[in-house]
Amino acid sequence: MSTALRKRVTLDSIAYRKADAAAAEVGASLGAYTSAAVEYFATRGLDPRATEAREGQLIMQQIKKLGDRVFGFMQEQERTLLTAMLEEMLRTRITLERVLRMNEILVSNLNTQLETLSEAQLQRQQQALQLLRQRNEEAVERQVKEALLTARKQGPGKHEAPVERKVNPGQSGEEGATSSELKAG
């Protein structure tokens with residue numbers, strides 16, 4: 001607001017009294033208050049004579065801005081986080097289905113072999129199975145922690161390429177036991 005250039009505006013007595021009282025209430029001079037009011041309406045492109053339309057226009061502008069921000073946020077989430085999550089969920093589901101089919105075959109074969117084992121051999125097999133379960137549970141916990149840490153680092157608004165982790169065939173995790181460890185010694 002520049003004070004170098006001064007112009008005169010004529011107000012009716014009611015408008016003058018209201019503007020003077022409002023300026024005094026907020027602790028501003030009449031000139032500063034009037035200049036700020038004019039700036040407010042001019043900046044927003046509002047007609048100060050249309051009270052109801054003005055409020056509606058302001059509300060609609062704010063709603064549009066908010067809607068644009070929400071829509072932009074959702075698009076960013078879809079591009080970064082949600083697509084990666086969907087990909088990982090599909091990979092996990094397909095892998096799980098394949099592993100379940102493989103387990104059915106292995107259990108059938110194992111049952112056939114267990115029928116021929118002695119009591120000592122059977123006990124060794126049970127111990128090896130417990131060790132396998134423990135290792136697999138530890139590997140799963142470690143991988144979940146790593147995945148969550150990676151997700152936090154590469155979360156919304158972060159544009160790093162996802163890290164792919166390959167598991168060798170016959171392994172259920174980083175240090176997972178293989179089926180050869182279950183064979184009788």
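Leucine 66 is exposed, with a relative accessible area of 52%, where exposed means over 50%, buried means under 20% and partly exposed means in between (1.4 Å probe, protein chains only). This residue, Leu66, belongs to a nonpolar surface patch of about 420 Å², which also includes Val70, Phe73 and Met74. Patches are built from residues with over 30% relative accessible area and no salt bridge; like charges are joined within 9 Å, and nonpolar side chains (Val, Leu, Ile, Met, Phe, Trp, Tyr) within 5 Å. Leucine 66 lies in helix α3. Helices (H or I, at least four residues) and strands (E, at least two) are DSSP runs, numbered from the N terminus.

The structure is a predicted model, in which local features need pLDDT of at least 70 and side-chain atom pairs count only at pLDDT 80 or more, while totals for chains, interfaces and linings use all residues. Residues are numbered from 1 along each chain as its sequence is written, and side-chain values use heavy atoms, with hydrogens and water left out.

The protein contains four helices and zero strands, and its pattern along the sequence is α-α-α-α. Of its 185 residues, 11% count as buried. The accessible surface of the protein amounts to about 15,800 Å², and carbon and sulfur atoms hold 57% of that surface. Accessible areas come from the Shrake-Rupley method with a 1.4 Å probe; for residues, only the protein chains shown count as cover. Of the contacts between residues at least 6 apart in sequence, 49% join residues at least 24 apart, a contact being heavy atoms within 4.5 Å.

Two helices were compared with their expected span, which is 1.5 Å times one less than the number of residues. Helix α2 (residues 30–44) has 15 residues and should span 21 Å; its end C-alpha atoms are 21 Å apart, which agrees. Glycine 45 follows α2 and has a positive phi, near 65°. Helix α4 (residues 119–153) has 35 residues and reaches 51 Å from its first C-alpha to its last, close to the 51 Å expected. The buried residues of α4 are Gln125, Ala128, Leu132, Asn136 and Ala139.

Side chains of opposite charge can pair when their charged atoms come close. A salt bridge is counted where a side-chain nitrogen of Lys or Arg is within 4 Å of a carboxyl oxygen of Asp or Glu, and the count comes to five salt bridges. In one of them, aspartate 68 pairs with lysine 64 at 3.1 Å, N to O. Both residues lie in helix α3 (residues 51–114), four residues apart, about one turn of the helix. An α-helix has 3.6 residues a turn, so residues three or four places apart point the same way. Aspartate 68 counts as partly exposed because its relative accessibility is 45%, whereas lysine 64 counts as exposed because its value is 55%.

Arginine 91 and glutamate 88 form another salt bridge, with their closest N and O atoms 3.0 Å apart. These two residues of helix α3 are three residues apart, about one turn of the helix. Arginine 91 is partly exposed at 39% relative accessibility, and glutamate 88 is partly exposed at 41%. The pair also belongs to a network of salt bridges that links Glu87, Glu88 and Arg91.

A further salt bridge joins the side chains of glutamate 97 and arginine 93 (3.3 Å, N to O). Glutamate 97 and arginine 93 are four residues apart in helix α3, so about one helical turn separates them. Glutamate 97 has a relative accessible area of 35% and is therefore partly exposed; arginine 93, at 57%, is exposed.

The average pLDDT of the protein is 79, and 79% of the residues score at least 70; pLDDT is the predictor's confidence in each residue, from 0 to 100. Over residues 171–185 the pLDDT is below 50, and this stretch has 29 contacts in the model beyond near neighbours in sequence. Where pLDDT is low, the predicted coordinates should not be read in detail.
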